[in-house]
Amino acid sequence: MAQLIDSPARNTRSHTRTEPPFPALQPAHTSPRAQRPRAAKEPADLSDRDAWAYPDKILLANNKTFVAVQRLTRSDGNRKFTTISTSRWSDDGSPDHLIFVFTCREHPETHQPHRRKRMATGTGTGNLKRSIDSCEGKHPRETQNGANHANHASSSTNPTSSLYTPAGHRALIAIRCARRHRPANMVADPEYLLEVEMLRPGTIVPSPSTVARDIKDIYLAASAKVKDHFKDFDGVVHIQVDGWQSPLVTLFMGVILIWYEGGKIWRVILEFCRLTSAHTGNYMGDLVHDLLFFAPCMDNASVCDKTVKRMAELNKSFAGMTMRLRCWAHIINLIAKAFIAIFFETPPKSAIIKAATGKRKRDETSAGPTAPTQHSLRTRSMTTPSSSTPAAPEPAPEDITEPEIIASNEDQALFPVSEEEFVDPGRVAHDIDVVTEAVSASTAQQPPCSRSRRTPLSPAALEAQKRMAISIFPKVAGLARRVHDSSTLGERFLLYVRQDRQEDPESLPGQKTMLNRRVPTRWNSDLAALSSHVFFERQVHRLTASDTTLQQFALSDEQWILAKELTRVLQIFREPTEYLSQSETPLIHEVLPLMESLIQRLKDVEAQQHAPLHEVTVLAARAALVVAEKYFSLARECDIYEISLVLCPDKRLGYFRTQGSMDIPRLRNKCISGFKRFNPTPATTTSTASESHQAPSMPSLSNYASASVWALSHSYTSGYTLDEGEEQPDSIEAYLDEPATPKAAIAAAGGLLCWWESQRKRRPNLTRMALAYLTAPATSVDAERAFSEGRLSVNHLQHNLAPDTFRAKMAIGSSTT
C-alpha cells in the first residue's frame, strides 16, 4: 500500500510516490566531534566583577568609551581630559561596578568632572562635547602673540571657535544687520538657526527685538566716542546735508561728516533722521545750525539756499553764502541735460512732479476715465510740429500693453517720470526750471549759421531740423529697451552680432554684445546708449528691417549723421563727470579750472571751431553755456573755490594772473582774512637749524625764477620784501610772495595733501588752513550714496522699521565700512 509523503518537487503532477522495493539503508556510526578550546576574554570584554583586579592601564585599553573621549579635543587639537578609573562598592562592602572619571586638564576648578560607567559604552559623548564648548567659551586659549586662537574646521574635528562670547555674538549680529541691510528678524530664520546649531550646538540666538535694541545701544555708545574724538580734534569738519524721500514716501534728512586726519579724508554718516515737517529751508536750517562745521555742501535746489541763509541767521560764526558749497557733479549733469534737452520731448512739469512724488498713479485712479493716461502724456512735446509735416504713425492705445506704454513714456522723457525712481521732487522742479530757461535763452538768440553758406538758417529750416532731431534719443532708448525686455529680440540681436563679428572681426572690436539702456537721472547713460547704437549700426539696421513692429525705431540717414556727431560732441562732458566722481580725493581746487575748460569747449562747439555742425547742435551748446556760466558766476561768490586754488602751491596767485584776472588785490585780501580764522593772533616764528633739517625748506625766489618768469614780472607784490629778522614763514603773506612750487616736487611728496603735511612743522597754522580748504567736498555724491544705502534698508520688506533704529543702522553701517 502506497505511503503519502511530502515531496519538494514543483514539476510533478502528483505529490505522492510509492515505497521503493529495496529496504532503507542504515545511517553510519561516527565518532563525536571534538570541541575547540575557548579563547580567554580580553579585559575590555570582562564584566566589572571579573575585571575588578586589573590595573587602570589595562582597563582603559581598547575600551570604547575611553577611545571616544580621547577623540574629543580642543579647537587647537590638544586633548581635553585626563582619565582615571575608580571603584564603586556596594553598601554591603562587596564589589559593585567600575566608573570612569574624566577631569579637565586646564581648568579643573571650574569645569566639573564627568563620570561614566565602564560598561555603558552606548551612551554617547554629547554631554562631553557641550562641556568642552562651555569651558572654551569661558577660557579662550591664546596663542604666543597674544591673539585668540582662530578656529578652522580643517584643523579640528570640533569646528567650535574659541573666540565665542555671547556679547560678541550679539554685537556681530547687530553690525551685520546694519552693514548688510538685513532686517532684525533674520535671526528667526530656521536656516540661520540650523546653521548656528551646526557650528556651535547649544548657542542661544538673540531675539529680533534684542537685535534692534543692540543696534541702538551700539549707536549711542559710538556717538559718545565720536563726540569725545572731535572734542580735541585739531582740524575742521565739513558737512553734506540733503533731504531724501524713501520708498515709503517718508522724508529723511542725511548729514554726512567729512574731515581730514591721518593722511586720509574720512566720511561718515552722522544723522539720518526722519523729517516731521515740510521739507523747507528754514526747517532744515533749524536742524543743523548748531553743528560745528567749516563749510556745508548741498545740491543746487533753491531750498538749499534758504537752508544756508537760515543757518547763518542762527549761527553767527557761519559766514553764510560765502561758504556755501555746491554739488558740481549735479551741475555737470545739469549742463549736459541742458545740451540734450533740444533732442527730447518732455511731458509737462506737473506730470513729472507728480511722478516723482508718487502721486500720479493715485491721481489717475481717483480721477476715473477722464484722467490723462500715459499715452496722452507721451504725445506731448516741447515743440509744436508743423501741420504740413505728417507726424510719425503711432500705434493706437488699445493695441499697446501697459508695460509698453510706460516704457515708451520713459524713453521720451528727459527727466524721470516714473514713481519708481524716488527722486527729490524739489530737485526735479529746480532742474526743469533751469533747463527750460536755458533752452528758451538759446532759441531766443540769433539763429545759427548754415554749415555750408555761413548764413543764418531760416526759421522753417531750423524747425524742420528740430523735428528731425527730437526723435533720435527716444528711438535709440526705445529699441534698447525692447531688445533687453524681449528674450526673442535679444537672442536675435546677439545672433546678428556673432555672425558679423565672425565674418569681419575688425568691424566689431572688443567683446561688447548688447545695446546700452538709458537711465533718465544720468546724462552719461544717454551717451552710452547713443554710442552703442552707433557702434552696432549694421546690426540695428538688420534688426529693425526684420520686424515691422520695430520700424518705428529706425533712424533716417540724416538722423544717423547727427547721432554720430553727437557721440563726438557729448564727450566734452564725460571727462569732468568721471573726474568729479572720485572719492577720497581733494577736488575742490579743480572746480574753477574744470569749469573754465568746459565753458571754452562749449564755445568752440558754438562757433563750430573744429568742424561744421548741425544747427541744432549749436543751439544745444548755447543752452549748455547758459547753465555753465550761471553756476560759474555763483562759484565766484563762494570764497572757498578761489582760496583753495591759491593754496595749491603749484598755482598760487600766478594762476589768476595768467587768466587775466584784475581782482588780484581783492583775492589777496580774501586769503588774508581766511588765514586770520586759523591764526587770530599771529606771532613771529623762527625756524631753528633742527627744524630746517627735519622739514624740507621752502624754495627761494631765485630757484624758480625761470619757471615762473611771467608771474614774477607781473606780480602784484613783486616789490614786497621783508627786512632781516622779520620773516614769518607761517603767514599767508609769505606764502603768496613765494614762487610756485613745481608739480614734480608735489608729486614726489605724495600729492597735494602730503605736501602740506610736510610743511606742518614749519607752518602749522598755514597747513591747518590749507587742509581745511583743500579737503572741502566738491560734490554731494556721498549723500547720494547714503540715500542709495538707505533705500536698501527702508523698503517694502522692512516697512515697520522704527526711525531710531533706521538712523542707528545707517550710522553704524557707514562707520564700520
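User: Thanks! How many bridges join strand 5 to strand 6?
Analyst: There are 10 bridges between strand 5 and strand 6, and the two run antiparallel. Strands here are DSSP runs of E with at least two residues, and helices are runs of H or I with at least four, numbered from the N terminus. This is a predicted model, where local features need pLDDT of at least 70, side-chain atom pairs count only at pLDDT 80 or more, and totals for chains, interfaces and linings use all residues. Residues are numbered from 1 along each chain as its sequence is written, and side-chain values use heavy atoms, with hydrogens and water left out.

User: Which residue stands opposite Phe-272 in strand 6?
Analyst: That's Gly-254.

User: And what sheet do the strands form?
Analyst: An open one of five strands, ordered 6-5-4-7-8, with mixed pairing. Strand 6 (264-274) and strand 8 (325-326) are its edges, each pairing on one side only. Two strands pair if DSSP finds at least two bridges between them.

User: What about strand 2 and strand 3, in which sense do they pair?
Analyst: Strand 2 (residues 95-104) pairs with strand 3 in the antiparallel sense, over four bridges. Phe-100 stands opposite Arg-116 in strand 3.

User: Switching to rings: how many aromatic pairs are there?
Analyst: A search of the whole structure gives 14. Rings of Phe, Tyr and Trp (its six-membered ring) pair if their centres lie within 6.5 Å; planes under 30 degrees apart are stacked, over 60 edge-to-face, and the rest tilted. In one of them, the ring centres of Phe-230 and Trp-259 are 4.9 Å apart with planes at 80°, so this pair is edge-to-face.

User: Why does that pair tie together separate parts of the sequence?
Analyst: Because Phe-230 belongs to helix 6 (residues 208-231) and Trp-259 to strand 5 (residues 251-261), parts that are 29 residues apart in sequence.

User: Is Trp-259 buried or exposed?
Analyst: Trp-259 is buried, at 10% relative accessible area, while Phe-230 is partly exposed at 22%. Buried means under 20%, exposed over 50%, and partly exposed in between (1.4 Å probe, protein chains only).

User: Which residues do ring pairs link into a cluster?
Analyst: Phe-339, Phe-343, Phe-344, Phe-473, Trp-523 and Phe-573. Of these, Phe-339 and Phe-573 are both buried.

User: Last one: what sits over the ring of Trp-266?
Analyst: The charged end of Lys-264, 4.2 Å from the ring centre. To count, NZ of Lys or CZ of Arg must be within 6 Å of the ring centre and within 35 degrees of the ring normal.
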